[in-house]
Amino acid sequence: MRKAVALIAKLAITLALLYFAFSRINLDIVVQRLQHLNTAWFAAAIATLAAQAVVAAARWRGILRRCGAAISTQQAVRYTFIALFFSQ
């Protein structure tokens, strides 16, 4: 019962904060900005972020290998993207 109350309280606070954040956004301006978005620069930004994640994964893979916990490059990249997702 106590866990259910805590979960409901967390959900209520989350919904209230999301409402507060999104109620102040002018969607017309957001749409206007997205219509004028330079797709080449956007793609370059996404590629740069992906490259940074791959470099971070390589660093973590090297650290793990020296600690005796070798993983594949694919696993390191996957875990890095998962970590980036949850840290945002």
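A polar contact is a pair of N or O atoms within 3.5 Å; within protein, one atom must be able to donate a hydrogen and the other to accept it, and residues adjacent in sequence count only if both atoms are side-chain atoms. The model is predicted, so local features need pLDDT of at least 70 and side-chain atom pairs count only at pLDDT 80 or more, while totals for chains, interfaces and linings use all residues. Residues are numbered from 1 along each chain as its sequence is written, and side-chain values use heavy atoms, with hydrogens and water left out.

**Helix H3**

Helices (H or I, at least four residues) are DSSP runs numbered from the N terminus. Helix H3 covers residues 39-66; at 1.5 Å a residue its 28 residues should span 40 Å, and the 41 Å between its end C-alpha atoms agrees with this. The expected span is 1.5 Å times one less than the number of residues. At the start of H3, a side-chain oxygen of Asn 38 comes within 3.0 Å of the backbone nitrogen of Ala 40. Just after H3, Gly 68 adopts a positive phi of about 90°.

Ala 53, Ala 56, Ala 57 and Gly 62 are the buried residues of H3, where buried means under 20% relative accessible area, exposed over 50%, and partly exposed in between (1.4 Å probe, protein chains only). Their cover includes helix H4 (73-87).

**Helix H4**

Thr 80 is located in H4. Leaving aside residues up to four places away in sequence, Thr 80 touches Ala 53, Ala 56 and Ala 57, a contact being heavy atoms within 4.5 Å. The side chain of Thr 80 also reaches the backbone oxygen of Ala 76 at 2.7 Å.

A polar atom of its side chain lies 3.2 Å from the backbone oxygen of Leu 84. The C-alpha atoms of Ser 87 and Tyr 19, 68 residues apart along the chain, are separated by 22 Å.

**Accessibility of selected residues**

| Residue | Relative accessibility | Class |
|---|---|---|
| Phe 42 | 47% | partly exposed |
| Thr 80 | 9% | buried |
| Ser 87 | 53% | exposed |

Helix H1 (2-22), helix H2 (27-35) and H3 each give two or more residues to the patch. The largest share, 4 residues, comes from H1.
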